[in-house]
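Me: I am new to reading protein structures. Could you take me through one, feature by feature?

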Amino acid sequence: MKLETTLMGLSLKNPFVIGANPWTGKISKLKELEAAGASAIVLPSLFEEKIHLEKFQYHESMHAFDDLHAEMVTQHPDTEYAGAEIYLHFLKQAKTALNIPVFASLNALTLDAWIHYAKKIEEAGADGLELNLYHTAKDPKRSSQDIEQEQLQIVQQLHSEIKIPISVKLSPFYTNTLHFIQRLEKIGVDGYVLFNRFFEEEIDTDREVLTFPLRFSHGTEYTHAMKTIGLLYGSVKGNLVAASGLHTSESIIQVLLAGASAVQLVSLVHKKSPKALETLIEEVSQWMDRKGYGSLEAFRGKLSKQNLRDPYAFEREQYIDLLLKGKIL
Ligand SMILES: Cc1cc2nc3c(=O)[nH]c(=O)nc-3n(C[C@H](O)[C@H](O)[C@H](O)COP(=O)(O)O)c2cc1C
(Lines give C-alpha, C1' and ligand atoms only; values in the text may rest on other atoms or scores of the structure.)
Protein backbone atom coordinates (compact mmCIF):
# COMPACT_ATOMS: atom_id res chain seq x y z
CA MET A 1 0.00 0.00 0.00
CA LYS A 2 2.66 2.50 0.99
CA LEU A 3 4.41 2.25 -2.40
CA GLU A 4 1.24 2.94 -4.38
CA THR A 5 1.45 5.59 -7.07
CA THR A 6 -0.75 7.04 -9.77
CA LEU A 7 0.50 7.02 -13.32
CA MET A 8 -1.48 8.51 -16.20
CA GLY A 9 -4.71 8.09 -14.28
CA LEU A 10 -3.97 4.45 -13.39
CA SER A 11 -3.35 3.28 -9.88
CA LEU A 12 -0.12 1.24 -9.65
CA LYS A 13 0.96 -0.89 -6.69
CA ASN A 14 4.45 0.65 -6.81
CA PRO A 15 6.48 2.98 -9.08
CA PHE A 16 8.58 0.19 -10.67
CA VAL A 17 7.65 -0.04 -14.36
CA ILE A 18 9.57 -2.09 -16.92
CA GLY A 19 10.40 0.02 -19.98
CA ALA A 20 10.20 -1.09 -23.61
CA ASN A 21 12.74 -3.79 -24.44
CA PRO A 22 12.82 -7.23 -26.04
CA TRP A 23 11.90 -8.99 -22.78
CA THR A 24 8.56 -7.22 -22.64
CA GLY A 25 7.94 -8.92 -25.98
CA LYS A 26 7.94 -12.38 -24.38
CA ILE A 27 5.07 -13.66 -22.25
CA SER A 28 7.34 -15.82 -20.06
CA LYS A 29 9.55 -12.81 -19.21
CA LEU A 30 6.53 -10.60 -18.61
CA LYS A 31 5.22 -13.10 -16.07
CA GLU A 32 8.62 -13.24 -14.35
CA LEU A 33 8.75 -9.44 -14.19
CA GLU A 34 5.22 -9.25 -12.81
CA ALA A 35 6.06 -11.91 -10.20
CA ALA A 36 9.17 -9.94 -9.19
CA GLY A 37 6.97 -6.91 -8.46
CA ALA A 38 6.76 -4.83 -11.66
CA SER A 39 3.69 -2.61 -11.45
CA ALA A 40 3.27 -2.08 -15.21
CA ILE A 41 5.15 -2.86 -18.39
CA VAL A 42 5.77 -1.15 -21.71
CA LEU A 43 5.86 -3.41 -24.75
CA PRO A 44 8.70 -2.97 -27.26
CA SER A 45 7.90 -0.23 -29.76
CA LEU A 46 5.91 -0.97 -32.85
CA PHE A 47 8.13 0.62 -35.48
CA GLU A 48 6.47 1.54 -38.75
CA GLU A 49 9.66 0.72 -40.64
CA LYS A 50 9.41 -2.89 -39.51
CA ILE A 51 5.86 -3.12 -40.75
CA HIS A 52 6.90 -1.85 -44.16
CA LEU A 53 9.89 -4.11 -44.25
CA GLU A 54 7.77 -7.14 -43.67
CA LYS A 55 5.15 -6.06 -46.14
CA PHE A 56 7.67 -5.40 -48.87
CA GLN A 57 10.14 -8.03 -47.88
CA TYR A 58 10.30 -9.66 -51.27
CA HIS A 59 9.52 -6.55 -53.21
CA GLU A 60 11.80 -4.09 -54.89
CA SER A 61 10.23 -1.13 -53.11
CA MET A 62 11.87 -2.38 -49.94
CA HIS A 63 14.89 -0.31 -50.95
CA ALA A 64 12.94 2.87 -50.27
CA PHE A 65 13.20 2.03 -46.57
CA ASP A 66 16.85 1.13 -46.38
CA ASP A 67 17.91 4.28 -44.56
CA LEU A 68 15.04 4.27 -42.17
CA HIS A 69 15.54 0.65 -41.32
CA ALA A 70 19.22 1.15 -40.71
CA GLU A 71 18.40 3.88 -38.23
CA MET A 72 15.76 1.85 -36.46
CA VAL A 73 17.98 -1.20 -36.15
CA THR A 74 20.72 1.04 -34.85
CA GLN A 75 18.53 2.50 -32.16
CA HIS A 76 16.80 -0.64 -31.02
CA PRO A 77 18.54 -3.64 -32.54
CA ASP A 78 16.66 -6.37 -30.74
CA THR A 79 13.13 -5.21 -31.23
CA GLU A 80 11.29 -8.33 -32.17
CA TYR A 81 8.10 -7.27 -33.78
CA ALA A 82 7.76 -7.31 -37.47
CA GLY A 83 4.15 -6.85 -38.42
CA ALA A 84 1.45 -4.75 -36.83
CA GLU A 85 -0.88 -7.74 -36.62
CA ILE A 86 1.67 -9.75 -34.67
CA TYR A 87 2.15 -6.80 -32.35
CA LEU A 88 -1.56 -6.35 -31.75
CA HIS A 89 -2.01 -10.06 -31.19
CA PHE A 90 0.82 -10.06 -28.66
CA LEU A 91 -0.66 -7.04 -26.90
CA LYS A 92 -3.92 -8.96 -26.42
CA GLN A 93 -1.99 -11.99 -25.13
CA ALA A 94 -0.08 -9.83 -22.67
CA LYS A 95 -3.31 -8.26 -21.42
CA THR A 96 -4.75 -11.73 -20.79
CA ALA A 97 -1.58 -13.09 -19.17
CA LEU A 98 -0.93 -10.20 -16.76
CA ASN A 99 -2.81 -8.47 -13.99
CA ILE A 100 -0.78 -5.27 -14.24
CA PRO A 101 -1.31 -2.48 -16.80
CA VAL A 102 0.20 -2.99 -20.24
CA PHE A 103 1.35 0.05 -22.19
CA ALA A 104 2.09 -0.14 -25.90
CA SER A 105 4.79 1.93 -27.55
CA LEU A 106 4.70 3.38 -31.05
CA ASN A 107 7.11 5.03 -33.44
CA ALA A 108 5.70 5.84 -36.87
CA LEU A 109 6.90 7.84 -39.84
CA THR A 110 3.89 9.77 -41.08
CA LEU A 111 1.03 11.44 -39.26
CA ASP A 112 -1.49 9.08 -40.89
CA ALA A 113 0.46 6.06 -39.72
CA TRP A 114 0.75 7.38 -36.16
CA ILE A 115 -3.03 7.76 -36.05
CA HIS A 116 -3.77 4.47 -37.79
CA TYR A 117 -1.60 2.33 -35.49
CA ALA A 118 -2.50 4.23 -32.33
CA LYS A 119 -6.17 3.50 -32.99
CA LYS A 120 -5.42 -0.18 -33.56
CA ILE A 121 -3.44 -0.29 -30.31
CA GLU A 122 -6.33 1.33 -28.46
CA GLU A 123 -8.79 -1.17 -29.94
CA ALA A 124 -6.52 -4.05 -28.94
CA GLY A 125 -6.89 -3.02 -25.29
CA ALA A 126 -3.65 -1.24 -24.28
CA ASP A 127 -3.96 0.60 -20.98
CA GLY A 128 -1.97 3.48 -22.38
CA LEU A 129 0.25 4.46 -25.28
CA GLU A 130 3.85 5.63 -25.03
CA LEU A 131 4.89 7.72 -28.01
CA ASN A 132 8.48 6.96 -28.80
CA LEU A 133 9.26 10.32 -30.39
CA TYR A 134 12.86 9.60 -31.09
CA HIS A 135 14.64 11.76 -33.58
CA THR A 136 18.32 11.92 -34.27
CA ALA A 137 19.60 15.06 -35.95
CA LYS A 138 21.12 14.19 -39.30
CA ASP A 139 19.77 16.79 -41.69
CA PRO A 140 21.35 20.23 -41.21
CA LYS A 141 18.58 21.86 -43.24
CA ARG A 142 15.86 21.01 -40.69
CA SER A 143 15.60 23.42 -37.78
CA SER A 144 14.81 22.27 -34.27
CA GLN A 145 11.65 24.37 -34.51
CA ASP A 146 10.47 22.44 -37.59
CA ILE A 147 11.15 19.11 -35.93
CA GLU A 148 9.43 20.08 -32.69
CA GLN A 149 6.45 21.51 -34.56
CA GLU A 150 6.04 18.24 -36.43
CA GLN A 151 6.24 16.26 -33.19
CA LEU A 152 3.69 18.53 -31.50
CA GLN A 153 1.33 18.12 -34.42
CA ILE A 154 1.56 14.33 -34.11
CA VAL A 155 0.88 14.42 -30.38
CA GLN A 156 -1.95 16.94 -30.79
CA GLN A 157 -3.65 14.84 -33.43
CA LEU A 158 -3.24 11.61 -31.48
CA HIS A 159 -4.57 13.23 -28.36
CA SER A 160 -7.74 14.22 -30.16
CA GLU A 161 -8.18 10.82 -31.85
CA ILE A 162 -7.62 8.31 -29.04
CA LYS A 163 -8.99 8.09 -25.52
CA ILE A 164 -6.40 5.96 -23.71
CA PRO A 165 -3.77 7.91 -21.76
CA ILE A 166 -0.74 9.06 -23.75
CA SER A 167 2.81 9.48 -22.54
CA VAL A 168 5.69 10.89 -24.53
CA LYS A 169 9.14 9.34 -24.28
CA LEU A 170 11.62 12.07 -25.06
CA SER A 171 15.14 12.14 -26.33
CA PRO A 172 17.56 13.86 -23.93
CA PHE A 173 18.72 16.15 -26.76
CA TYR A 174 16.20 19.00 -26.91
CA THR A 175 17.68 22.48 -26.69
CA ASN A 176 15.10 23.31 -24.04
CA THR A 177 13.25 20.23 -22.84
CA LEU A 178 11.26 22.30 -20.34
CA HIS A 179 9.81 24.50 -23.07
CA PHE A 180 8.91 21.53 -25.23
CA ILE A 181 7.21 19.83 -22.30
CA GLN A 182 5.23 22.98 -21.53
CA ARG A 183 3.90 22.82 -25.09
CA LEU A 184 3.03 19.14 -24.68
CA GLU A 185 1.24 20.09 -21.45
CA LYS A 186 -1.05 22.43 -23.38
CA ILE A 187 -2.09 19.46 -25.50
CA GLY A 188 -2.88 17.44 -22.37
CA VAL A 189 -0.22 14.71 -22.41
CA ASP A 190 -0.59 12.38 -19.41
CA GLY A 191 3.04 11.46 -18.82
CA TYR A 192 6.64 12.22 -19.74
CA VAL A 193 9.26 9.49 -19.86
CA LEU A 194 12.65 11.11 -19.31
CA PHE A 195 14.62 9.98 -21.21
CA ASN A 196 15.03 7.56 -24.07
CA ARG A 197 18.52 6.17 -24.53
CA PHE A 198 19.90 5.53 -27.98
CA PHE A 199 22.36 3.02 -29.27
CA GLU A 200 25.05 4.81 -31.15
CA GLU A 201 27.68 3.85 -33.63
CA GLU A 202 31.19 2.97 -32.57
CA ILE A 203 34.21 2.31 -34.75
CA ASP A 204 36.07 -0.97 -34.77
CA THR A 205 39.63 0.32 -35.19
CA ASP A 206 41.05 -3.04 -36.29
CA ARG A 207 38.52 -3.61 -39.04
CA GLU A 208 37.96 0.14 -39.60
CA VAL A 209 34.21 -0.23 -39.83
CA LEU A 210 31.21 1.18 -38.00
CA THR A 211 29.69 -1.12 -35.42
CA PHE A 212 26.47 -0.96 -33.42
CA PRO A 213 27.12 -2.71 -30.14
CA LEU A 214 24.26 -3.23 -27.74
CA ARG A 215 25.42 -1.52 -24.59
CA PHE A 216 23.30 -1.37 -21.50
CA SER A 217 23.25 1.81 -19.43
CA HIS A 218 25.57 2.64 -16.55
CA GLY A 219 24.28 3.38 -13.11
CA THR A 220 25.37 7.02 -13.36
CA GLU A 221 23.18 7.97 -16.31
CA TYR A 222 20.08 8.96 -14.33
CA THR A 223 21.23 12.44 -13.29
CA HIS A 224 20.01 14.34 -16.37
CA ALA A 225 16.51 12.87 -15.87
CA MET A 226 16.65 13.63 -12.16
CA LYS A 227 17.58 17.26 -12.78
CA THR A 228 14.88 17.72 -15.41
CA ILE A 229 12.27 16.15 -13.14
CA GLY A 230 13.44 18.34 -10.27
CA LEU A 231 12.93 21.41 -12.45
CA LEU A 232 9.53 20.32 -13.77
CA TYR A 233 7.89 18.94 -10.64
CA GLY A 234 4.93 21.04 -9.59
CA SER A 235 4.68 22.89 -12.91
CA VAL A 236 3.16 20.10 -15.02
CA LYS A 237 0.04 17.97 -14.65
CA GLY A 238 1.44 15.04 -16.62
CA ASN A 239 3.30 12.46 -14.54
CA LEU A 240 7.08 12.49 -14.63
CA VAL A 241 8.68 9.11 -15.21
CA ALA A 242 12.43 8.69 -14.77
CA ALA A 243 14.26 6.35 -17.13
CA SER A 244 17.88 5.64 -18.06
CA GLY A 245 20.58 4.48 -15.71
CA LEU A 246 18.42 3.56 -12.73
CA HIS A 247 20.27 0.58 -11.31
CA THR A 248 20.10 1.09 -7.55
CA SER A 249 17.53 1.91 -4.88
CA GLU A 250 19.69 4.95 -4.08
CA SER A 251 19.19 6.45 -7.57
CA ILE A 252 15.50 5.51 -7.56
CA ILE A 253 14.95 7.29 -4.24
CA GLN A 254 16.77 10.32 -5.68
CA VAL A 255 14.42 10.61 -8.67
CA LEU A 256 11.39 10.17 -6.39
CA LEU A 257 12.69 12.96 -4.15
CA ALA A 258 13.08 15.08 -7.29
CA GLY A 259 9.44 14.42 -8.18
CA ALA A 260 9.08 11.26 -10.28
CA SER A 261 5.76 9.40 -10.14
CA ALA A 262 7.36 6.23 -11.48
CA VAL A 263 10.59 4.82 -12.84
CA GLN A 264 11.26 2.69 -15.89
CA LEU A 265 13.91 0.01 -15.66
CA VAL A 266 15.50 -1.98 -18.47
CA SER A 267 19.28 -2.46 -18.26
CA LEU A 268 19.23 -3.45 -14.61
CA VAL A 269 16.89 -6.38 -15.12
CA HIS A 270 18.90 -7.52 -18.14
CA LYS A 271 22.28 -7.21 -16.42
CA LYS A 272 21.04 -8.94 -13.28
CA SER A 273 17.66 -10.67 -13.53
CA PRO A 274 13.97 -9.89 -13.09
CA LYS A 275 14.47 -10.93 -9.46
CA ALA A 276 16.72 -7.89 -8.93
CA LEU A 277 13.49 -5.93 -8.90
CA GLU A 278 12.43 -7.60 -5.64
CA THR A 279 15.56 -6.36 -3.92
CA LEU A 280 15.08 -2.80 -5.17
CA ILE A 281 11.48 -2.67 -4.02
CA GLU A 282 12.48 -3.99 -0.62
CA GLU A 283 15.31 -1.47 -0.29
CA VAL A 284 13.11 1.51 -1.19
CA SER A 285 10.52 0.27 1.29
CA GLN A 286 13.15 -0.08 4.04
CA TRP A 287 14.47 3.41 3.36
CA MET A 288 10.91 4.77 3.71
CA ASP A 289 10.53 2.95 7.04
CA ARG A 290 13.84 4.33 8.29
CA LYS A 291 12.75 7.85 7.34
CA GLY A 292 9.23 7.41 8.68
CA TYR A 293 7.49 7.91 5.32
CA GLY A 294 4.17 6.07 5.09
CA SER A 295 3.58 6.83 1.42
CA LEU A 296 5.40 8.04 -1.69
CA GLU A 297 3.36 11.21 -1.51
CA ALA A 298 5.04 12.01 1.81
CA PHE A 299 8.38 12.66 0.10
CA ARG A 300 7.79 12.86 -3.65
CA GLY A 301 9.21 16.13 -4.96
CA LYS A 302 10.62 17.08 -1.57
CA LEU A 303 13.89 18.02 -3.28
CA SER A 304 12.34 19.50 -6.43
CA LYS A 305 13.09 23.09 -7.37
CA GLN A 306 9.62 24.05 -6.22
CA ASN A 307 10.18 22.73 -2.72
CA LEU A 308 13.78 23.72 -2.16
CA ARG A 309 14.56 27.10 -0.62
CA ASP A 310 17.71 27.55 -2.70
CA PRO A 311 16.69 29.73 -5.69
CA TYR A 312 19.59 28.32 -7.69
CA ALA A 313 18.65 24.70 -7.09
CA PHE A 314 19.12 22.68 -10.26
CA GLU A 315 20.15 25.87 -12.07
CA ARG A 316 23.66 26.66 -11.00
CA GLU A 317 26.11 25.16 -13.43
CA GLN A 318 28.23 22.48 -11.91
CA TYR A 319 31.54 24.27 -12.48
CA ILE A 320 30.34 27.40 -10.71
CA ASP A 321 29.05 25.32 -7.85
CA LEU A 322 32.36 23.55 -7.49
CA LEU A 323 34.28 26.82 -7.71
CA LEU A 324 32.09 28.63 -5.17
CA LYS A 325 32.40 25.83 -2.71
CA GLY A 326 36.12 25.47 -3.35
CA LYS A 327 35.63 21.85 -4.18
CA ILE A 328 38.00 21.66 -7.15
CA LEU A 329 40.39 18.80 -6.60
C1 LIG B 1 17.74 -4.07 -26.20
C2 LIG B 1 16.93 -2.84 -25.99
C3 LIG B 1 15.81 -2.60 -26.79
C4 LIG B 1 15.04 -1.46 -26.60
N5 LIG B 1 13.91 -1.26 -27.35
C6 LIG B 1 13.17 -0.14 -27.16
C7 LIG B 1 11.98 0.08 -27.88
O8 LIG B 1 11.55 -0.74 -28.69
N9 LIG B 1 11.33 1.24 -27.68
C10 LIG B 1 11.73 2.19 -26.79
O11 LIG B 1 11.09 3.22 -26.64
N12 LIG B 1 12.86 1.98 -26.04
C13 LIG B 1 13.57 0.85 -26.21
N14 LIG B 1 14.70 0.66 -25.46
C15 LIG B 1 15.11 1.70 -24.49
C16 LIG B 1 14.65 1.34 -23.08
O17 LIG B 1 13.23 1.27 -22.99
C18 LIG B 1 15.13 2.35 -22.03
O19 LIG B 1 14.55 3.59 -22.31
C20 LIG B 1 16.64 2.51 -22.03
O21 LIG B 1 17.28 1.25 -22.09
C22 LIG B 1 17.12 3.25 -20.77
O23 LIG B 1 16.76 2.56 -19.60
P24 LIG B 1 17.83 1.68 -18.79
O25 LIG B 1 18.94 2.57 -18.41
O26 LIG B 1 17.07 1.16 -17.58
O27 LIG B 1 18.26 0.61 -19.69
C28 LIG B 1 15.44 -0.51 -25.61
C29 LIG B 1 16.55 -0.77 -24.81
C30 LIG B 1 17.29 -1.92 -24.99
C31 LIG B 1 18.48 -2.17 -24.09
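Reply: Begin with the ligand. Strand 4 (40-47) and helix 10 (267-271) each supply at least two residues of the shell around the ligand. Keep in mind that this is a predicted model.

Me: Which residues come nearest to the ligand?

Reply: Of the 25 residues around the ligand, the nearest are Gly19, Ala20, Ser217, Val266 and Ser267. By kind, the shell has ten nonpolar, twelve polar and three charged residues.

Me: What does the secondary structure of the chain come to?

Reply: The chain has twelve helices and twelve strands. Of its 329 residues, 38% are buried. For the fold as a whole, look at contacts between residues at least 6 apart in sequence: 72% of these join residues at least 24 apart.

Me: How do I read a single helix?

Reply: Start with the general idea. An α-helix has 3.6 residues a turn, so residues three or four places apart point the same way. Now take helix 4, residues 84-97. At 1.5 Å a residue, its 14 residues should span 20 Å, and its end C-alpha atoms are 20 Å apart, which agrees.

Me: Which residues of helix 4 are buried, and which are exposed?

Reply: The buried ones are Ala84, Tyr87, Leu88, Phe90, Leu91 and Ala94. Seen down the axis of helix 4, these buried residues fall within an arc of 160°, so they line one face of the helix. Glu85, His89 and Thr96, on the other side of helix 4, are exposed.

Me: What covers the buried residues of helix 9?

Reply: First list them: in helix 9 (residues 249-258), Ser251, Ile252, Gln254, Val255, Leu256 and Ala258 are buried. Their cover includes helix 8 (223-232), strand 11 (239-243), strand 12 (262-265) and helix 11 (276-291). Look also just after helix 9, where glycine 259 takes a positive phi of about 130°.

Me: How should I read a residue in a loop? Where is isoleucine 164?

Reply: Isoleucine 164 lies in the loop between helix 6 (144-161) and strand 7 (166-170). To judge burial, count neighbours: a residue is buried with 20 or more other C-beta atoms within 10 Å, and exposed with 12 or fewer. Isoleucine 164 has 18, so this residue is partly exposed.

Me: Which residues is isoleucine 164 in contact with, leaving aside neighbours within four places in sequence?

Reply: They are Glu122, Ala126, Asp127, Gly128 and Leu129.

Terms used: Residues are numbered from 1 along each chain as its sequence is written. This is a predicted model: local features need pLDDT of at least 70, side-chain atom pairs count only at pLDDT 80 or more; totals for chains, interfaces and linings use all residues. Helices (H or I, at least four residues) and strands (E, at least two) are DSSP runs, numbered from the N terminus. The expected span of a helix is 1.5 Å times one less than its number of residues. The arc is that of the directions from the helix axis to the C-beta atoms. A residue is near a molecule or strand if its C-beta atom, placed from the backbone, lies within 6 Å of it. Ala, Val, Leu, Ile, Met, Phe, Trp, Tyr, Cys and Pro count as nonpolar, Asp, Glu, Lys and Arg as charged, and the others, Gly among them, as polar. Two residues are in contact if their C-beta atoms, placed from the backbone, lie within 7 Å.
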